[in-house]
Amino acid sequence: MRKYIIGALFGFALSFSVGAHAEVINMIGKVVDGVVDVTVNGNKLNSQAITIDGTSYLPVRDIGNVLGLKVDYDTATGVIVNTPSTDKQDKIKELGEKSREIFEERKKINDTIILPYEIDNGKPKDDDYYGAKKKIDEMTTELNDIYNKLQEISKQK
């Protein structure tokens, strides 16, 4: 008999327990209050915005296209709006990365090969020293070429 009473109490507790849940905002089933035209920088869009509960919902892709933005959609993150990179920006970034790599390599060669010879004046300079000096001169020329290319790009419109 005791088993039946415990079972009944357990069943009663499960039946009338309070459930906890988070409120999920969902637009499904909401009523559209109105439809309005959208004008961006004087350009009227072909698509319209909708109003639900006093909030306007705009056509993101159309607005992005008018503003020159890149609009993508990813199921994991949702809508992604970015400014598109231009060839000029890509070239500047590429040249900047290349110059940083050259500069770091040049510093490493200077610190590990050339400086020990220059600090110790009695140490005779050999092929390693002169080879490193030649390599640094080549790198300096390459960095100057990159600088000139960056100057040309910055003058372009």
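**Labels and the values behind them**

Tutor: Lys107 and Asp111 are four residues apart in helix α3 (residues 87–119), which separates them by about one helical turn; helices (H or I, at least four residues) and strands (E, at least two) are DSSP runs, numbered from the N terminus. The model is predicted, so that local features need pLDDT of at least 70 and side-chain atom pairs count only at pLDDT 80 or more, while totals for chains, interfaces and linings use all residues. Residues are numbered from 1 along each chain as its sequence is written, and side-chain values use heavy atoms, with hydrogens and water left out.

Student: What makes the pair Lys107 and Asp111 a salt bridge?

Tutor: The term requires a side-chain nitrogen of Lys or Arg within 4 Å of a carboxyl oxygen of Asp or Glu. The closest N and O atoms of Lys107 and Asp111 are 2.8 Å apart, and because the limit is 4 Å, the pair qualifies. In general terms, side chains of opposite charge can pair when their charged atoms come close.

Student: How many salt bridges does the structure hold, and which residue does Lys44 pair with?

Tutor: The structure holds eight salt bridges, among them the one between Lys44 and Asp37, with closest N and O atoms 3.3 Å apart. Another joins the side chains of Lys70 and Asp72 at 3.9 Å, N to O, and this value still lies within 4 Å.

Student: Why is Lys44 called exposed, whereas Asp37 is called partly exposed?

Tutor: Buried means under 20% relative accessible area, exposed over 50%, and partly exposed in between (1.4 Å probe, protein chains only). Lys44 has a relative accessible area of 55% and is therefore exposed, while Asp37, at 45%, is partly exposed. Lys70 at 45% and Asp72 at 32% are likewise partly exposed, as are Lys107 at 47% and Asp111 at 35%.

Student: Is Ile102 buried or exposed, and which residues does Ile102 touch?

Tutor: Ile102, which lies in helix α3, has a relative accessibility of 8% and therefore counts as buried. If residues up to four places away in sequence are not counted, Ile102 touches Met139, Glu142, Leu143 and Ile146, where contact means heavy atoms within 4.5 Å. The C-alpha atoms of Ile102 and Thr140 are separated by 8.6 Å, although these residues are 38 residues apart along the chain.

Student: What makes β1 and β5 edge strands?

Tutor: The sheet in question is open, has three strands in the order β1-β4-β5 and shows antiparallel pairing. Each of β1 (34–36) and β5 (55–57) pairs on one side only, and these are the edge strands.

Student: Where does Asn41 lie, and why is Asn41 called exposed?

Tutor: Asn41 lies in the loop between β2 (39–40) and β3 (43–44), and because its relative accessibility is 67%, Asn41 counts as exposed. Asn41 also has a positive phi of about 50° although it is not a glycine. Asp53, in the loop between β4 and β5, has a positive phi of about 50° too, again without being a glycine, and at 54% relative accessibility Asp53 counts as exposed.

Technical notes:
Pairing = 2+ DSSP bridges.
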